[in-house]
Amino acid sequence: MTFSVVIPVYNGAAFLEDAIASALHQTLPADEVLVFVHDSTDDSEPIARRREPFVRVVVENTQLNGGEAWNRAIELARSDYIIFLHADDLLTPDCIKHYRNAVGSRTDVVFGFGLCESIDRSQKSLDKRGYSLMPANNEEFLKKYVSDGICVGTWGVLISKRAFE
């Protein structure tokens, strides 16, 4: 069981360094950290490249919309499970460890919600939600999420790559 942290970025230079750092500074490391820079005109690419070889950087200027960029990043990911990370979000330091422990030897997990804490600019906590996993037998929800774009927040969400096959 392998895990990729996938960071699609479009003009996210202002926050990208912190997002990458949060993916790299995990108590249990990801098997891959992928930064997919698409159509950016800011310094997103050089910021990401400063972290090579610890991150894999892919740059494409193909005029993708947000959903298309996420789909392309998923195609590029090399692991069994993908943890989505927006360029302006952070992972908690134990995110991957929690997911690895939660999934364990289960083969039915296709979707998981990570710990999410919303904070304001002063770092004051606004709300939190915990971890939960969804088995593959909930195909109806997964199909709706993947194909119809149900918005449950993609930051820190875990999804099995096989859900997209």
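How many bridges join β1 to strand β2? Six bridges join β1 to β2 (residues 32-38), and the two strands run parallel. The model is predicted: local features need pLDDT of at least 70, side-chain atom pairs count only at pLDDT 80 or more, and totals for chains, interfaces and linings use all residues. Residues are numbered from 1 along each chain as its sequence is written, and side-chain values use heavy atoms, without hydrogens and water.

Strands (E, at least two residues) and helices (H or I, at least four) are DSSP runs numbered from the N terminus. Strands pair if DSSP finds at least two bridges between them. From β1 the chain passes through helix α1 (residues 13-24) to β2 in a right-handed β-α-β crossover (clockwise from the first strand over the helix to the second, with the strands pointing away from the viewer). β1 also pairs with β4 (residues 81-84), in the parallel sense, over four bridges. There, Val5 is partnered by Ile83.

Seven of the seven residues of β1 (residues 3-9) are buried, so the strand is largely enclosed by the rest of the structure. Buried means under 20% relative accessible area (1.4 Å probe, protein chains only). Phe3, Val5, Ile7 and Val9 point one way; Ser4, Val6 and Pro8 point the other.

Methods
Buried < 20%, exposed > 50% of the residue type's maximum accessible area, 1.4 Å probe, protein only.
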